[in-house]
Amino acid sequence: MPLSTRQENLRRALAPRSICFVGGAFLEPAVLAARRLGFDGAVSIVNPSRDEIAGLACLDSVDDLEEAPDIVFLAVNRQATNALLPRLEAMGAAGAVCYAAGYAEVGGDGPALERELGRKAGDLAVIGPNCYGFNNYVTGALLMATPTLGERTAKGCAFIGQSGNICINIANGRRGSPLTHVISCGNQTVLDFADYIEVLVDDPAVTSFALFMESLPDVAAFSRAAGRALEAGKPIIVLKSGVSRTGARMALSHTASLAGDDSLYQALFDRFNVIRVETPEDLVETAKVVTVTGVPHGRRLAVFTCSGGDAECVADLVEPLEIDIPPLDDGQRDEIAAFMQPFTTIANPLDYNTSNWGRRDILERIFPVALRGEVDAALLVVDTIADAELPPGATGTGAEAAMLAFRDAARRHGVPGVITSSLPDNISLAFRARLHGDGIAMAHGIRAGTLALARTCLWGERRRLGTAGPALPPAAPAGGAARILDERESKRRLAAAGIPVPRGEATTAATAAAAARRTGFPVALKALSADIAHKTEAGGVALGLGDEAQVERAARRIAAATGVDRLLVEAMVEGHVAEMIVGVTRDDAFGPVLVIGAGGTLAEVIRDSVNLLVPAAEEDVRGAIGRLKVARLLDGYRGAPRGDREALVAAVMTIARLAGAAGGSLVELDLNPLLVMPEGAGVVAADAWMRTIDNGEDHE
């Protein structure tokens with residue numbers, strides 16, 4: 001996909017050959033930082049009040065520049081920033097960093113000024129506003145307002161963050177995670193995460209992307225960029241802040257309650273194999289593993305420790321991720337046993353025991369045997385410090401023997417290897433540099449290191465299996481007044497789409513008994529009103545009515561409880577295997593969202609549900625159903641009949657197509673419960689509720 005003019009400008013701006021700083025003397029440390037890192041391009045400074053800054057003569061105006069710079073760092077106020085952008089675009093500059101704050105993030109006149117900035121940017125690649133700038137560690141171009149550390153690198157992770165402070169701390173980090181870029185993207189008024197990924201994904205120096213994300217301005221654009229990164233084999237790792245509590249938004253339906261804001265981001269990340277982490281530490285350690293060690297092809301992990309406690313910690317961390325720690329075979333156990341004490345347990349994870357501590361000759365025999373099996377990656381837990389850091393009189397820690405034996409065994413079998421420590425501080429920086437040069441990532445801390453490798457394993461397996469979904473279309477804007485469809489009208493539309501519904505008819509309290517006789521006993525009787533979304537809680541449902549007298553009594557009771565005289569009588573559906581909920585809710589950013597889960601009156605109590613974004617592929621629907629706890633019922637729990645999973649998948653796909661075709665007109669759909677019958681007997685929509693944008697269709 002070709003880049004837009006603005007994105008082409010961003011490519012030039014992020015790897016500049018010429019830089020112009022516009023602002024005061026506080027920029028001097030930033031200018032000096034670029035020199036320290038060896039930036040050899042042209043640097044100019046515009047400040048009409050000073051003669052020189054950082055030894056460079058100041059120009060009075062950007063109009064005095066001899067040629068258009070690739071990137072301009074604007075460290076001036078909001079009004080001056082906005083005024084300068086058209087001038088920079090007209091002279092042929094590629095991009096601008098807008099350091100000024102006080103835009104949409106502060107209210108008042110800020111939102112109007114931010115909209116103005118967007119209009120005046122034109123095709124200029126505008127980073128920010130309200131940002132600290134960026135560093136390019138490949139070329140040495142440092143444009144951070146606050147001086148940062150870091151060294152030149154040939155390859156690494158591109159870090160992009162909405163928090164300026166997080167960006168500075170990442171740039172100043174001591175974790176040894178190779179970085180090609182640190183980009184403070186600020187308010188993302190003109191450029192967002194998708195633009196940076198689209199521009200950098202083809203850069204051979206960039207191995208991965210690490211994002212500190214507060215929000216996504218354009219979900220569809222991000223989905224396209226994420227798909228390109230996945231195709232290129234470059235993981236996206238995301239720390240998403242501002243996580244909402246699921247169901248925090250008040251909604252009429254179970255569906256909207258189950259589809260909380262954060263669950264939509266998770267559905268997006270799942271769709272495009274985005275690695276999600278919880279802390280900045282996880283972010284940089286995972287990026288380190290990807291860059292230094294590389295991506296394994298699967299989830300089978302071999303683990304080496306010299307402590308049963310470390311082994312237990314690793315096992316506890318990877319089990320929720322369903323990482324496979326395959327057992328050693330008999331031959332492996334026998335070979336390893338020859339070098340172990342009689343009282344030791346020989347298994348995976350392998351505790352090679354303190355009797356072998358520091359015995360490289362022994363470990364060089366043990367480790368290759370353990371890696372000879374069907375494993376995709378290996379982890380060694382060992383705590384060490386450099387000899388220079390030892391107390392006076394102490395000699396060697398013995399850790400070097402384990403690390404070098406592990407390195408050699410991993411190389412011998414072509415298994416990606418990671419070394420981590422029990423505590424983040426317990427590693428030697430000298431050993432880390434040595435091992436990184438050998439392609440073995442050294443992570444800080446057992447939690448961060450273990451999870452970094454485990455999540456990278458999962459990413460590699462999913463990419464190998466090709467599990468990504470299609471890019472999302474732009475969310476269709478809703479227009480017009482929304483109205484609620486009652487159960488009868490909702491089911492009529494579902495039946496027209498191919499979803500089976502019970503036979504029945506609309507009636508009144510006075511005629512309900514006759515309608516029930518025509519329908520055939522036993523029947524269900526329900527209040528028929530668009531104003532009652534949860535009829536059971538309102539006293540608007542009676543089930544299993546076996547004769548006319550029972551129907552008459554139930555009709556009077558429902559009318560009295562709900563104040564509704566219009567009723568729906570339907571044939572009872574009996575013998576179902578499971579109750580499911582299948583729903584659609586619409587989000588302004590994500591578009592239609594499909595919710596699949598355990599249904600019935602306890603849907604929100606059990607909260608056994610999965611969200612999928614539309615369009616959804618059939619394999620995604622099958623996978624989502626398989627992840628539900630209620631899937632055990634569908635498989636025939638404790639001798640019960642199996643549910644008709646094929647019919648369930650077909651019904652969900654019908655709903656997904658209905659949601660996609662409706663665009664913005666389908667606001668909400670709540671099919672709960674969808675009764676799954678025994679295998680071969682199909683499914684039936686026992687209850688349904690819709691909210692749509694009125695399009696002039698006929699209504700009952």
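**Pockets, a cavity and a helix pair**

In the lining of the second largest pocket, 13 residues are nonpolar, seven polar and seven charged (Ala, Val, Leu, Ile, Met, Phe, Trp, Tyr, Cys and Pro count as nonpolar, Asp, Glu, Lys and Arg as charged, and the others, Gly among them, as polar). The model is a predicted one, in which local features need pLDDT of at least 70 and side-chain atom pairs count only at pLDDT 80 or more, while totals for chains, interfaces and linings use all residues. Residues are numbered from 1 along each chain as its sequence is written, and side-chain values use heavy atoms, with hydrogens and water left out.

This second largest pocket holds about 560 Å³ of space. A pocket here is an open set of points on a 1 Å grid over the protein atoms alone, with protein on both sides within 12 Å along at least five of seven lines; a cavity is a set where a 1.4 Å probe fits but cannot get out, and lining residues have an atom within 4 Å of a point. Grid points are joined across faces, edges and corners, and a volume is the space filled by probe spheres set on the points. Of the 27 lining residues, Lys 526, Asn 672, Pro 673, Ala 686 and Asp 687 lie nearest the centre of the second largest pocket. Strand β28 (666-676) is among the elements that supply at least two residues each, and β28 gives the most, with four. Helices (H or I, at least four residues) and strands (E, at least two) are DSSP runs, numbered from the N terminus.

The largest pocket has a volume of about 1,400 Å³. Its lining comprises 40 residues, with Gln 266, Phe 269, Asp 270, Arg 462 and Arg 627 nearest the centre. Helix α9 contributes the largest share, seven residues. By class, this lining has 17 nonpolar, 10 polar and 13 charged residues.

The lining of the largest cavity includes Asp 486, Leu 528, Lys 535 and Trp 689, and divides into five nonpolar, one polar and three charged residues.

Finally, there is a helix pair to look at. Helices α13 (residues 360-370) and α14 (residues 399-413) pack at about 35°, with axes 9 Å apart; axes are lines fitted to C-alpha atoms, for helices over the stretch in contact, and angles run from 0 to 180 degrees between N-to-C directions.
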